[in-house]
Structure formats: structure tokens, C-alpha cells
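Let's take a walk through this model together, beginning with the overall fold and ending at the two ligands. Keep the 3D view open as you read.

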Amino acid sequence: MTRTGATIGLLLLASVGAAQDGQATTQSLDALVQTCAACHGPEGQGVGDFPRLAGLGESYLVAQLEAFANGKRENAIMKPLVAGFSDSQRQALAEHFSQLPVKAAQQGSGVADINEAGKKLAELGRWEDDIPACVQCHGPEGRGIGEDFPPLAGQPSRYIQDQLEAWRSGKRSGDPLGLMEQVAKSLKGDDLAPVADYFASLSPKKEADHE
Ligand code: HEC
Ligand code: HEC
């Protein structure tokens with residue numbers, strides 16, 4: 001993390017601490033949401049390598065906030081932020097971000113071209129290694145399915161790779177039925193970048209859905 005990032009983090013920790021005493025009233029929800037903006041963008045679209053939250057499933061978001069707090073998802077930045085939140089604050093934050101509109105523009109993953117090897121793995125999987133197609137669970141073009149299968153389209157490549165590595169090394173666990181853990185562990189090390197680049201290059205929203 002950059003020094004600016006670290007400074008922002010500290011400032012945010014201070015403001016989150018101040019917000020923690022309140023109930024998840026409208027006002028404190030606004031204040032909480034503002035603390036997320038520095039890293040996840042003012043409308044939850046993601047910034048740099050920080051993931052998009054807008055339009056992710058509400059139950060998925062609640063589960064992630066809980067996982068950061070209880071350590072099933074190890075992350076030094078998110079843990080202290082969410083550790084002091086009440087259940088109702090987590091719920092309110094999840095509801096807020098799940099309802100924000102998904103924008104067609106990518107949030108700057110820096111990946112422009114389609115990675116063909118990544119596309120093949122994403123769409124067909126690789127049966128000899130027991131890897132199902134990613135799109136079976138993450139939807140056509142990685143736009144997500146329902147509340148619990150998150151979209152991958154347009155998420156930063158670095159972020160996607162980090163998550164796959166986290167499952168492989170045990171830093172992320174507790175996902176439903178261990179499905180993702182199994183997939184990640186079946187991947188080879190040099191599968192991660194191509195498949196992450198492929199999803200990062202896709203628009204989170206279909207052309208036809210442009211507002
Ligand atoms: C200082 C930067 C920073 C701030 C502020 C921040 N986050 Fe994060 N957030 C991150 C990072 C880094 C990750 C990726 C963690 C990982 O790799 O597991 C992340 C991941 C997440 C995820 C998981 C997304 C996914 O697709 O699984 C959620 C949910 C989340 N943050 C919610 C929030 C909320 C809500 C707030 C405000 C209360 C917030 N974050 C504030 C840095 C930040
Ligand atoms: C059998 C279903 C299934 C398949 C196949 C699958 N996933 Fe997943 N994936 C999931 C589920 C469920 C989650 C949510 C995990 C959680 O709740 O923590 C997930 C989460 C993820 C995440 C984290 C997203 C985020 O926002 O943090 C990444 C990255 C990911 N999958 C990549 C892949 C890739 C790449 C493939 C193909 C090689 C793949 N997945 C195949 C079920 C699947």
C-alpha cells in the first residue's frame with residue numbers, strides 16, 4: 001500500500017471509530033459510507049486495485065464483512081475497519097452497496113484486450129484438472145448469478161488474482177460449500193493472471209443495458 005493509502009487508512013479508522021457508537025441510522029450510515037469511498041469510490045465503483053462493491057449481492061456483501069471481522073478472510077486493511085461494526089451496520093452497508101447502480105465503464109483495471117487463454121478457461125473450464133467453467137457459477141461474461149455468486153467482470157485483475165491466491169494459501173475460507181476454494185486449488189499458478197485479466201477486461205454491464 002502506498003503512503004498516501006496508509007494515511008487515508010488511518011484517517012478513516014479515526015472516523016469509523018467515531019461513527020461506531022451510533023446505531024445504523026440514516027446519518028451514521030452516510031458517514032460510514034463516506035469512509036468506504038476513498039478506496040471503493042464515491043459510488044462504490046472501485047478505485048485502482050480496490051474492488052467494486054456496487055451491485056454485488058446483499059447477502060454476499062454481508063458475508064464478506066463478517067468474514068473480514070472474524071478472520072475467515074484475512075485482510076489487514078478491511079479487518080480493523082469492520083471489526084467494530086454491529087450486525088445492523090453491516091446489514092445497512094451491504095444493502096446500500098448492493099443497490100448502487102452498476103456502470104458500464106470499467107473502473108480502470110488497465111486491461112484492454114481479451115486474454116484468449118483466460119477466456120477459454122473461464123468459458124470451458126479444464127476437465128482434466130477438475131476445473132469447471134468459471135461462468136457456470138459467475139454467469140455469462142462474469143456478470144454474477146443471484147446474490148451469492150459474485151460478478152467478476154470489470155473487477156481489477158490484481159484483485160482477482162489476490163483472491164485466487166488467498167484461497168490457495170488458506171487466507172480466504174468459509175465460502176459456500178468450499179466451492180471456490182476447490183476451484184482455486186485446482187488452478188495452476190500460471191492460470192491466475194490470464195483468467196484474471198480476462199474478467200478484468202469485461203464490462204460489468206451489457207452494452208444493451210447502458211443507461
Ligand atoms: C483503506 C482502503 C479501504 C477502505 C477505506 C475500505 N475498504 Fe473495503 N476493501 C479494501 C481492500 C484492500 C479490499 C480487498 C481485500 C482482500 O483482498 O481480501 C476490500 C474489500 C472489500 C470487500 C470485499 C469485496 C468483494 O468483492 O468480495 C467489501 C465488501 C468491502 N471491502 C467493503 C467495505 C466497506 C463497506 C467499507 C466502508 C465501511 C470499506 N470496504 C472501506 C480496502 C478498503
Ligand atoms: C462451482 C461454482 C464456482 C465456480 C465453477 C467458480 N466459482 Fe468463483 N466463486 C464461487 C462462489 C460461491 C464465490 C463467493 C465466495 C464467497 O462467498 O466467499 C466465488 C468467488 C470468486 C471470487 C471472489 C470475487 C470477489 O468479489 O471477491 C473470484 C475472484 C472467483 N470466484 C474467481 C473464479 C474463477 C477465476 C473461476 C474459474 C476458474 C471461478 N471463480 C469458478 C463459485 C464458483
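**A walk through the fold and its ligands**

In this predicted model, the chain's secondary structure consists of 10 helices and 0 strands. Of the 211 residues in the chain, 44% are buried. Among contacts with a separation of 6 or more, 67% join residues 24 or more positions apart. The chain's exposed surface comes to about 11100 Å², and carbon and sulfur atoms supply 55% of that area.

Now turn to ligand 2 and its iron atom. His138 (NE2) and Met180 (SD) coordinate the iron, at 2.0 to 2.2 Å. These two residues bring together distant parts of the chain: His138 sits in helix H7 (residues 134–138) and Met180 in helix H9 (residues 179–186), 42 residues apart. Both His138 and Met180 are buried. What geometry does the site of this iron atom have? It is octahedral, with angles of 87 to 179° among its 6 donor atoms. For comparison, ideal angles for six octahedral donors are 90 or 180 degrees.

Ligand 1 has 24 residues around it, and those that come nearest are Cys36, Cys39, His40, Tyr60 and Met78. Helices H2 (26–40), H3 (58–70), H4 (78–83) and H8 (157–169) each contribute at least two residues to this shell. Look next at the side chains: an N or O atom of His40 lies 2.8 Å from a nitrogen atom of ligand 1. Oxygen atoms of ligand 1 take part in such pairs too, with one 2.8 Å from a side-chain N or O atom of Arg73, and an oxygen atom likewise 2.8 Å from a side-chain N or O atom of Gln163.

Terms used:
Residues are numbered from 1 along each chain as its sequence is written. Chains are lettered from A and ligands numbered from 1 in the order in which they are written. This is a predicted model: local features need pLDDT of at least 70, side-chain atom pairs count only at pLDDT 80 or more; totals for chains, interfaces and linings use all residues. Side-chain values use heavy atoms; hydrogens and water are left out. Helices (H or I, at least four residues) and strands (E, at least two) are DSSP runs, numbered from the N terminus. Buried means under 20% relative accessible area, exposed over 50%, partly exposed in between (1.4 Å probe, protein chains only). Contact means heavy atoms within 4.5 Å. Accessible areas come from the Shrake-Rupley method with a 1.4 Å probe; for residues, only the protein chains shown count as cover. Donors are N, O and S atoms within 2.8 Å of the metal (3.2 Å for Na, K and Ca); water is not among the atoms, so sites may look incomplete. Four donors count as tetrahedral if all angles lie between 85 and 135 degrees; four count as square planar and six as octahedral if opposite donors are over 155 degrees apart and all others between 65 and 115; anything else is irregular. A residue is near a molecule or strand if one of its heavy atoms lies within 4 Å of it. A polar contact is a pair of N or O atoms within 3.5 Å; within protein, one must be able to donate a hydrogen and the other to accept it, and residues adjacent in sequence count only if both atoms are side-chain atoms.
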